[in-house]
Amino acid sequence: MIDPVAPPAAPGAFSLAVPPLFAALAPARNILVAGAGGGFDVYAGLPLAFALWQGGARVHLASLSFSELELIDRDAWVAEHVAAVRPDTASPDWYFPEGTLARWLAAQGLPSTVYAFPPLGVQPLRAAYRHLVEQLDIDAVVLVDGGTDVLLRGDESDLGTPVEDITSLAAVAALDVPVKLVTSLGFGIDAYDGVNHVQVLENLAALERDGGYLGALSIPGSSREAALYRDAVADARAATPDRPSIVQGQIAAATGGAFGDVRFTRRTGGGDLFVNPLMAIYFTVDLDKLAARCLYLDRIENTIGRRQVITRIQAFRDELVGARIPRAYPH
């Protein structure tokens, strides 16, 4: 019997045998994995970073910070709006995910600098990213969102909490970097903030038609990456007991096989959580194609401060006619 001959793959096409996320990053020499949404979002990039480090890649971490960065050591600032947070970087701020993560990474023997940006508008945040791209010779940027609101284009029934995510998207979209990706971890988490996830799936389908969807990749619960991630999240919860990350807590619980209304902090209560295996899946898209679909990215392009971003997004929503009607998942 003669085996059928498969047609040749189209140039640039991905294969089922190699996850497209890793195939896209394979040519890169220096990869920047950055939390798009602020705070603990950088933790959502850790499983990816662990796998890349294990494979020999040079990976750098960055975070859009909600900490009082102006309080940290003066010598931590490597450029305007760019702080290099290391294990010994001191801050009196009780909420300092970047410092907590740097210390945890050092304890694991992993690269332990976490670059931090203050909350900014698009123009200064882009300058901060450009500094890192030039200084670290970055040829691939992966923006990581803990949740899915970065995948929303603007005409959905609710945008969740888009300010930091979309500012990061706009900032990186104009950078001249060979590989630019966005990956989302924590599908379903943003329902708490009003996001309709049927519309998220609709957006992913549209990106697939545009050639911008790189598929979904589950983090195996028994993997080294999952075990390290759960340990990092537990360490962060211990370091910030008054305000642990609800997002990262749910994702970590999902990687361990938890399901339903899982209790890991008093910040949640009343049966609000629905932890499930979908939360432990990376959904990855081409950053430029995602940016091209955002209906209000041009509105925030020339912003300097975070408040400007907030007011311009609100103005867009106030003027919006014909927002998409939310739908329940039919099955």
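Analyst: On a 1 Å grid over the protein atoms alone, a cavity is a set of points where a 1.4 Å probe fits but cannot get out; a pocket is an open set with protein on both sides within 12 Å along at least five of seven lines; lining residues have an atom within 4 Å of a point. Points join across faces, edges and corners, and a volume is the space filled by probe spheres set on them. The model is predicted: local features need pLDDT of at least 70, side-chain atom pairs count only at pLDDT 80 or more, and totals for chains, interfaces and linings use all residues. Residues are numbered from 1 along each chain as its sequence is written, and side-chain values use heavy atoms, with hydrogens and water left out.

User: Which helix gives the most to the lining of the largest cavity?

Analyst: The lining is Phe40, Tyr43, Val233, Ala236, Arg237, Pro244, Ser245 and Gln248. Helices (H or I, at least four residues) and strands (E, at least two) are DSSP runs, numbered from the N terminus. With 3 residues, the top contributor is helix α8 (residues 224–239).

User: What is the class make-up of the lining of the second largest cavity?

Analyst: Among its lining residues are Val150, Leu169, Asn203 and Cys294. Ala, Val, Leu, Ile, Met, Phe, Trp, Tyr, Cys and Pro count as nonpolar, Asp, Glu, Lys and Arg as charged, and the others, Gly among them, as polar. The lining divides into 6 nonpolar, 1 polar and 2 charged.

User: Which element supplies the largest share of the lining of the largest pocket?

Analyst: The largest pocket holds about 1,200 Å³ of space. Of its 47 lining residues, the closest to the centre are Ile189, Asp190, Tyr192, Asp193 and Val247. By class, the lining has 21 nonpolar, 14 polar and 12 charged residues. The largest share is 4 residues, from α9.

User: How is α6 oriented relative to α12?

Analyst: Helix α6 (residues 163–173) and helix α12 (residues 306–319) pack at about 105°, with axes 10 Å apart. Axes are lines fitted to C-alpha atoms, for helices over the stretch in contact, and angles run from 0 to 180 degrees between N-to-C directions. Angles under 35 degrees count as roughly parallel, over 145 as roughly antiparallel, 65 to 115 as roughly perpendicular and the rest as oblique. Therefore α6 is, relative to α12, roughly perpendicular.
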